[in-house]
Amino acid sequence: MSDLNRPARLNRTLLILTGLVLIAGGAFAVGTHFGKVPLLARGATLVPGTAAPPGWVWYAVAGGAVVVGLLTLRWLVAQPVRKPKSRTWRFDQDTGQTALAASTAVEPFVAEVATYPGVHAAHATLGGTQDAPALAVVLSAEQDGDLAAIRERVTEEGLPRLRQALDLGELPMTIEFRFSAKSGPRIS
């Protein structure tokens, strides 16, 4: 199920690399300050001379900044992606082959879950293969909705029906709850 949250893996990797670079830089600075790293003398200047650098240096710095900016933008775009990759499922029978889009397979499930009390809207993505399926559900719950009751109803009513319709023994599911700004109908 770690495939459901690919940005988290990227974030952990980038944080580890950044942390290692910062630790190495800090160790180098402390070691140089106390004279333990003989690469630089304690009183030496970092850059020899006071002349301006050659013109190509500014272009290299600008190019590096653009690359870092594009990588940062790519990282930001990857953040909201939390759905498994959806595929077309193929069922082979004696009379032929049936192709079923995963989005079509979950439409009745989503329609049913959206009618549960306390649910404002529902979205689901069926990903993976028939051998290793994964269901990611995002529910927009009303402010006063009972999340435990909603989860229980999804796992005890909606999910078994979807598993039966798809002829699956198991269907791992993740549910993400979001709160809607709208509240349910009030009875006075």
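Trainee: What makes the nonpolar surface patch in this predicted model, and which residues belong to the patch?

Mentor: The patch covers about 640 Å² and is made by Leu-10, Leu-14, Ile-16, Leu-17, Leu-20, Trp-75 and Leu-76. The elements that give two or more residues to it are α1 (6–33) and α2 (55–78), and the largest share, 5 residues, comes from α1.

Trainee: Why is Leu-20 called exposed?

Mentor: Leu-20, which lies in helix α1, has a relative accessible area of 53%. A residue counts as exposed over 50%, so Leu-20, at 53%, is exposed.

Trainee: How do you know that β3 and β4 pair, and in which direction do the two strands run?

Mentor: Strand β4 (residues 133–141) is joined to β3 by 9 bridges, and pairing asks for at least two bridges between two strands, so β3 and β4 count as paired, and they run antiparallel. As one example of a partner, Thr-125 is bridged to Ala-136 in β4.

Trainee: What makes β3 and β5 edge strands?

Mentor: The open sheet is formed by 3 strands in the order β3-β4-β5, with mixed pairing. Both β3 (119–128) and β5 (173–179) are edge strands, since each pairs on one side only. From one strand to the next, the twist averages 15°.

Trainee: Which helices lie across these strands?

Mentor: Helix α3 (residues 102–114) lies across β3 and β4, running at about 155° to β3, whereas helix α4 (residues 147–166) lies across β3, β4 and β5, running at about 140° to β5.

How values were computed
Residues are numbered from 1 along each chain as its sequence is written. This is a predicted model: local features need pLDDT of at least 70, side-chain atom pairs count only at pLDDT 80 or more; totals for chains, interfaces and linings use all residues. Side-chain values use heavy atoms; hydrogens and water are left out. Patches are made of residues with over 30% relative accessible area and no salt bridge: like charges are joined within 9 Å, nonpolar side chains (Val, Leu, Ile, Met, Phe, Trp, Tyr) within 5 Å. Accessible areas come from the Shrake-Rupley method with a 1.4 Å probe; for residues, only the protein chains shown count as cover. A salt bridge is a side-chain nitrogen of Lys or Arg within 4 Å of a carboxyl oxygen of Asp or Glu. Helices (H or I, at least four residues) and strands (E, at least two) are DSSP runs, numbered from the N terminus. Buried means under 20% relative accessible area, exposed over 50%, partly exposed in between (1.4 Å probe, protein chains only). Axes are lines fitted to C-alpha atoms, for helices over the stretch in contact, and angles run from 0 to 180 degrees between N-to-C directions. Contact means heavy atoms within 4.5 Å.
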